[in-house]
Amino acid sequence: MIRTFRRIVLVPMLLILGITLIVPQLVRAQAKLSVHWEELTASDFREGIHRSQGTCLLPFGILEKHGPHLPLGTDLLDVRYAALHAAEQEYAVVFPEYYFGQIAEARHEPGTVAYSRNLQLALLQETTDEMARNGCKKVLIVNGHGGNNSLLPFFAQSQLDKPHDYVVYVFDERTPQTGGPARKTKIDMHAGESETSKIMISRPDLVHMDRAASESGADQARQKIPEDVYTGIWWYTRFPFHYSGDGSVANKELGEYQMKWWIDSVVNTIRQVKADDVSLKLQNEFYEKSKHPLDTQP
Ligand SMILES: [Zn+2]
């Protein structure tokens with residue numbers, strides 16, 4: 001009698017109970033999570049950090065003139081497009097809009113927002129600190145703006161000044177140097193053929209192609225000093241109108257190739273960063289040793 005009860009009632013009951021308890025957890029674990037930090041609930045954020053293995057993206061844009069034909073936020077719009085699509089493929093939590101970078105050289109143009117040097121560094125430090133406090137132990141800055149290319153390595157280097165329980169990674173590539181449709185122009189640094197082609201993919205509605213030839217993006221080459229001597233005014237001496245190249249020759253075919261390359265490169269970088277178990281370990285070793293340098297042996 002007891003045996004029959006066990007077989008007919010108890011076993012199916014336990015099975016049903018088990019399924020009721022386990023299935024929702026499985027469904028929850030596999031449910032699609034947004035990659036946007038700001039779209040997650042607090043408990044989904046916890047799951048997002050777990051799923052991303054503590055890897056978070058900080059896409060870094062800027063607000064500056066982009067030739068006569070592209071929006072001020074071109075770098076921000078493009079870098080978010082690339083980072084968000086990459087995170088969809090290789091899960092990572094993506095920080096909201098960030099555009100507080102180095103752009104002093106465009107202060108003479110309308111719509112530029114150029115924060116002071118101290119604020120750029122302080123805000124970036126507090127942002128990555130806050131990301132890390134929330135579990136982002138690997139902060140991958142995806143840079144969308146050429147003018148940040150000295151700021152970001154310097155910021156990463158300055159993480160060694162005192163202990164941090166996270167690692168800052170900087171990925172600073174946007175355009176493939178080879179492959180894809182042949183490029184028609186030689187000078188192509190800002191709002192030119194490549195950049196215009198890319199935003200034709202991310203935000204085609206914001207491209208004013210009819211204006212692309214209304215200003216010159218030629219190199220004015222006005223500075224007469226050796227190439228290996230650096231000055232902060234170099235960009236202004238060459239491209240005072242914040243246009244470098246010729247956006248009128250841009251096309252979707254080139255944009256598709258370059259944007260796909262950018263997204264693929266970020267996907268690959270996220271995977272490499274997730275797999276990196278050396279940087280944080282050696283960073284901690286370094287912090288420890290740097291407390292008593294006289295004990296460091298060769
Ligand atoms: Zn740009």
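Ala250 touches Glu193, Thr196, Ser197, Met200 and Gly255, leaving aside residues up to four places away in sequence. This is a predicted model. Ala250 sits in the loop between helix H7 (234–238) and helix H8 (252–275).

- Ala250 has 29 other C-beta atoms within 10 Å, and the cut-off for a buried residue is 20 or more, so Ala250 is buried.
- Ala191 lies 59 residues away from Ala250 along the chain, yet their C-alpha atoms are separated by 9.8 Å.
- Glu193, Thr196, Ser197 and Met200, which Ala250 touches, are among the buried residues of helix H6 (residues 193–202).

- H6 is mostly covered, with 9 of its 10 residues buried.
- The buried set is Glu193, Ser194, Glu195, Thr196, Ser197, Lys198, Ile199, Met200 and Ser202.
- What do these buried residues pack against? Their partners are helices H3 and H8.

**H6 against H8**

- The two helices pack at an angle of about 85 degrees. Their axes are 7 Å apart.
- An angle from 65 to 115 degrees counts as roughly perpendicular, so H6 is roughly perpendicular to H8.
- On the H6 side, the contact uses Glu193, Ser194, Ser197, Lys198, Met200, Ile201 and Ser202.
- On the H8 side, it uses Lys252, Leu254, Gly255, Glu256, Gln258 and Met259.

**H6 against H3**

- The axes of H6 and H3 (residues 74–89) come within 10 Å. They cross at roughly 60 degrees.
- That angle makes H3 oblique to H6.
- H3 supplies Thr74, Leu77, Asp78 and Tyr81 to the contact. H6 supplies Glu195, Lys198, Ile199 and Ser202.
- An α-helix has 3.6 residues a turn, so residues three or four places apart point the same way.
- Left-handed or right-handed: how does H3 pass H6? The crossing is left-handed.

**The sheet**

- Four strands form an open sheet in the order E2-E1-E3-E4, with parallel pairing.
- E2 and E4 (167–171) are the edge strands, and each pairs on one side only.
- H3 packs on this sheet and touches E1, E2 and E3. The direction of H3 makes about 165 degrees with that of E1.
- E1, H3 and E2 make a right-handed β-α-β unit.

- Why is E1 (residues 55–60) largely enclosed by the rest of the structure? Because 6 of its 6 residues are buried.
- In a regular strand the side chains alternate between the two faces of the sheet.
- Thr55, Leu57 and Pro59 point one way from E1, and Cys56, Leu58 and Phe60 point the other way. Residues on both sides are buried.
- E1 pairs with E3 (residues 138–143) in the parallel sense over 6 bridges. Within that pair, Phe60 stands opposite Asn143.
- E1 and E2 (residues 93–94) also run parallel, joined by 2 bridges.
- Cys56 has Val93 of E2 as its bridge partner. Leu57 stands opposite Val94 of E2.

- Gln53 is not a glycine, yet its phi is positive, at about 55 degrees.
- Gln53 belongs to the loop between helix H2 (42–51) and E1.
- Buried, exposed or partly exposed: how does Gln53 count? Gln53 is partly exposed, with 15 other C-beta atoms within 10 Å.
- Ala221 is not a glycine either, and has a positive phi of about 40 degrees.
- Ala221 is placed in the loop between H6 and H7.
- Ala221 has 8 C-beta neighbours inside 10 Å, and 12 or fewer counts as exposed, so Ala221 is exposed.

Definitions and conventions:
Residues are numbered from 1 along each chain as its sequence is written. This is a predicted model: local features need pLDDT of at least 70, side-chain atom pairs count only at pLDDT 80 or more; totals for chains, interfaces and linings use all residues. Two strands pair if DSSP finds at least two bridges between them. A crossover is right-handed if, with the strands pointing away from the viewer, the path from the first strand over the helix to the second runs clockwise. Two residues are in contact if their C-beta atoms, placed from the backbone, lie within 7 Å. Axes are lines fitted to C-alpha atoms, for helices over the stretch in contact, and angles run from 0 to 180 degrees between N-to-C directions. Angles under 35 degrees count as roughly parallel, over 145 as roughly antiparallel, 65 to 115 as roughly perpendicular and the rest as oblique. A crossing is left-handed if the near helix is turned anticlockwise from the far one by less than a right angle, and right-handed if clockwise.
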